[in-house]
Structure formats: C-alpha cells, structure tokens
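Hi,

Here is the structure I promised to pass on. Have a look at it first, and then read my notes below.

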Amino acid sequence: MTENPENSFRDAISTVDEQGKRVWLYPKKPGGRFFDARKWVSYGLLALLFAAPFIRIGGNPLLLLDVMNRKFVILGQVFWPQDTHLFLLAMITLVVFIIVFTVVYGRIFCGWVCPQTIFMEMVFRRIEYWIEGDASHQKKLNKGPWTKEKIRKKVLKNVIFFAISFLIANTFLAYFIGSEKLIEIITDDPSQHVAGLSGLLIFTGIFFGVFMRLREQVCTTICPYGRLQGVLLDRDSVVIAYDHVRGENRSKFRKNEDRSAAGKGDCIDCNACVAVCPTGIDIRNGTQLECINCTACIDACDHIMDKIGLDRGLIRYASENQITENKTFSLTKRAKAYTVVLGILIVVMTGLLILRSEVETSVLRTPGMLYEKEDNGYFTNLYNFTIVNKTNFDMPVTFKSHTPTATIEMVGANPLVEQQGMAEGVFFIRIHGDNLDGTKNKVEVGIYDGERLIETVKTNFIGPFKQ
C-alpha cells in the first residue's frame, strides 16, 4: 500500500524522534479567555481536592476509600462490602457516562478536569514559567552551562516541585486512610509510623517523577483514554478543531492583501498553535490522540486573528461535520441511545440507593464446629454474626428467633452498633431434638432495634442424622 505523506504525522508521536529518543517540549506560555476560564475551574477543583478529606457530612468524610478496612465513604454515606452490587452498577454508570461525554464532547475532560492536566499546566508549569521564564528562556537555560543562576533556578524549582509533590502525596493518602490518621502520622513520633511515612515518601517520589520528567508522556503514552477516543469519536463529536475550509490554503500574512482574491485561506502559517501545545502536536493536521483539548491553541490563534484583523474561531470547538458541511450541532442517534442507557442506569442506581437497607446482617455457623447435645435433649449450634449499621445514629440491637421451636442465647451482652459502624459477636441457637428434622434445619432470626424489626435473616441449624 502506498504511503500517504499527508498522514505521515500519524506514524509517530511528536515527543519521540526517529531514533526513538525523547524530544523535550518547551510549550509557549498560554493566555486568553479559555485559559482564564480553565484557571478558575482548576482553582475550584484544586480547592475541592485538598479540602475533601477534611470536609465532614454527618460526621463522615466527603470521600474515603479505606481499602484495608473495606470501608468506603462517598458524599458522607458509608458503603461496605455488602454493597458490592452498588459499586458494580456505579462503575458501569461511570463508564457509560464517559462514553456519552466523549461521543458528544470529545476529550474535554482531559483539558478541563483531569488532575494530571490541572497539576501539570496550572501548577507545575506556571511555577516553571515564573522561575525559568517562557519557552525560549527555558530552552536556553537547559542548553547553557551550569552557572550560579542556572543552579539557583534548578534547585529552587526542584525544591518547590518536591514540596508540592509531598503535599499531593499527603492529600492522596488521606483519601485512603482518613484525615485523622494522616494527621496522627504527621504529628506523632516518626518511629511509630514507619510504614505510613514510607508510603508518603514513595508517593511523593512518584508524583515528583510524573510532573518533573514524565509530563505529557502520561497523556500521550500511559493514559489509555486518548486511544479510547479513536473508537468513540465520530464526525459529529465536538472537539477542538481547525477550520480547514476557512484556513486553507495557508500562506504568510501580507498587510493590506486581499487573501480571498489571492486564493489564500485565513491561516497565516504562524505556528502559534503549535508553539503553545503542551503535547507538541499541530492541530491543523486534524484530531489526534495526543490532543488533550486544553484550548491553548484556540487562545493563541484568536490572538493572531485579532492582530491581523480577521474573525476569531479559525481553531474552535466544532465537529467535522460542522466545519465541512456547515451543520448545526445536534445529538446523533448513537449519542441519544447512549444517553437513554445512561438515564436508565441513573434511575436504577437512585432507586437502589433509596431502597438501601439500614443494616446488613450476616449470621453464619461457626466454621469447624458441630452441634452439641445437652442432657435435657436439646441441641445447640454456635453462630458468628456481623452487623453493619448504615444509618447516622447508634443502634442497640437484639436478636429474636422467629422459629417457634428455637431459642437464642447470647454470648455476652447485646451489641450496640455505632452509627456507620460494624459489630461482631457470637450466640447459641437451641432446639430440642424432637423438633429437628434431619441434619439440616432452617431457622429464621429477627434483628430488632428496640421493638422495631429492622431485618430478618435465615440460617441453617445442624442436628444429628435421623434414620
């Protein structure tokens, strides 16, 4: 098959040369209306990210993913392993939401919401501009000799980058162990929390490496979302696009020239859009997996259009069909179908959350224990119980047998299950031998909060074999 030179740019990514070596990018400092809007969105999301572990709703954190204790808190509501079906449905809903969003709006998540983009472009890159200057100054500094100024700037940048990475690592860890435990690790004797501090340093090193060295490689090589959009996007998906109908043929700008009469497009081939791109692509080549829809090229192009007196929007949010066929935006049948599926999933998810039980109780025979026979003809089985309280109030629990022939004898006191907590214990069930029907007998146990029945569970009672 003959190679098409117009598509040769798709044979390699812009950050790797022909020898397979890394091409270090020096994107020009962006600015403009979209960049300003992204700044405020980023500031809000950063504030939420760092504050979320410390925000409390009904005494519970806004978000906690305590994998070790199998306890997950989302928007103040505690979820336990017994809620696995809700997690599975939530994950399916999230995947469908991502599909719908990508089909309609392309990779807008990457440019506006993704933590990698926010930290890289709105935190670390801006600090780099402040210390080392714009793209040309950074390039000159890196290629120049190690002078006192270069050492000072590099040391200052590395120290600040490491400090921010340490702060991110602390916040990241708080989502998994809780803010109280994190504060305890930080304020207590370090020798008492070697594992916790080691985890902090490991995560700090990872974040420092990502934002100091990997950078755009996370988006172009590691993250699978860029490749995913290749199967999700179509000609009606809204992406950051170059209006090739209006822009071609490209040529340099000449003052007072009638470009239309000369058969020239509005693109003056200034490469401003390429200079500001954080992943090093030329958006004029069309949609590419490296594009994170960060809008830097839009602002750069609009600035040039303003300078030469042409209309903005040569690069803008648009679909391919909007550009080539001058169509207005509308949802495709595929997008509508995905939206319907998403709506159904959200309704089902909401219904399951509303109908979610207050408690979740498991009653199981103690493993490895057989029945015991008493002198009075009664048989006993030992049971382990686990009660998960999903409410926001403490719950004194009692067990009552709903099987008339069976009685329950607690080992110890009746449990008091704290709000959003869990209690475990054991009890005996006694049944007279005359009321047993073979080796396996069904028993129903009621769980009560005072006189209020909150749940019933069934379990098996093991008796002697009857011939």
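Let me start with a spot in one of the sheets: serine 401 stands opposite valine 445, which belongs to E15. Keep in mind throughout that this is a predicted model.

That contact is part of the pairing between E11 and strand E15 (residues 440-449), which run antiparallel and are joined by five bridges. Zooming out, the open sheet has four strands, ordered E13-E11-E15-E16, with antiparallel pairing. Which strands stand at the edges? They are strand E13 (416-417) and strand E16 (452-462); each has a single partner strand, so one side of each is left without a neighbour in the sheet.

Now to the rings. Searching the whole structure turns up 19 aromatic pairs. One of them is phenylalanine 50 with phenylalanine 119, an edge-to-face pair with 6.2 Å from centre to centre and 85 degrees between the planes. Phenylalanine 50 sits in helix H1 (residues 33-51) and phenylalanine 119 in helix H4 (residues 115-132), so this pair ties together parts that are 69 residues apart in sequence. Are these two residues buried or exposed? Phenylalanine 50 is partly exposed, at 24% relative accessible area, whereas phenylalanine 119 counts as buried, at 6% relative accessibility.

The other pair I'd point you to is phenylalanine 385 with phenylalanine 399: the ring centres are 4.7 Å apart and the planes meet at 50 degrees, so the pair is tilted. Here phenylalanine 385 comes from strand E10 (residues 378-389) and phenylalanine 399 from strand E11 (residues 395-401), so the parts tied together are 14 residues apart in sequence. Phenylalanine 385 is buried, with 3% relative accessibility, and phenylalanine 399 is buried too, its relative accessible area being 8%.

Finally, two charges over rings. Which ring does the charged end of lysine 400 sit over? It is the ring of tyrosine 448, with the charged end 4.6 Å from the ring centre. Arginine 430 does likewise with tyrosine 378: its charged end sits over that ring, 4.5 Å from the centre.

Cheers

Technical notes:
Residues are numbered from 1 along each chain as its sequence is written. This is a predicted model: local features need pLDDT of at least 70, side-chain atom pairs count only at pLDDT 80 or more; totals for chains, interfaces and linings use all residues. Side-chain values use heavy atoms; hydrogens and water are left out. Rings of Phe, Tyr and Trp (its six-membered ring) pair if their centres lie within 6.5 Å; planes under 30 degrees apart count as stacked, over 60 as edge-to-face and the rest as tilted. Helices (H or I, at least four residues) and strands (E, at least two) are DSSP runs, numbered from the N terminus. Buried means under 20% relative accessible area, exposed over 50%, partly exposed in between (1.4 Å probe, protein chains only). A charge sits over a ring if NZ of Lys or CZ of Arg is within 6 Å of the ring centre and within 35 degrees of the ring normal. Two strands pair if DSSP finds at least two bridges between them.
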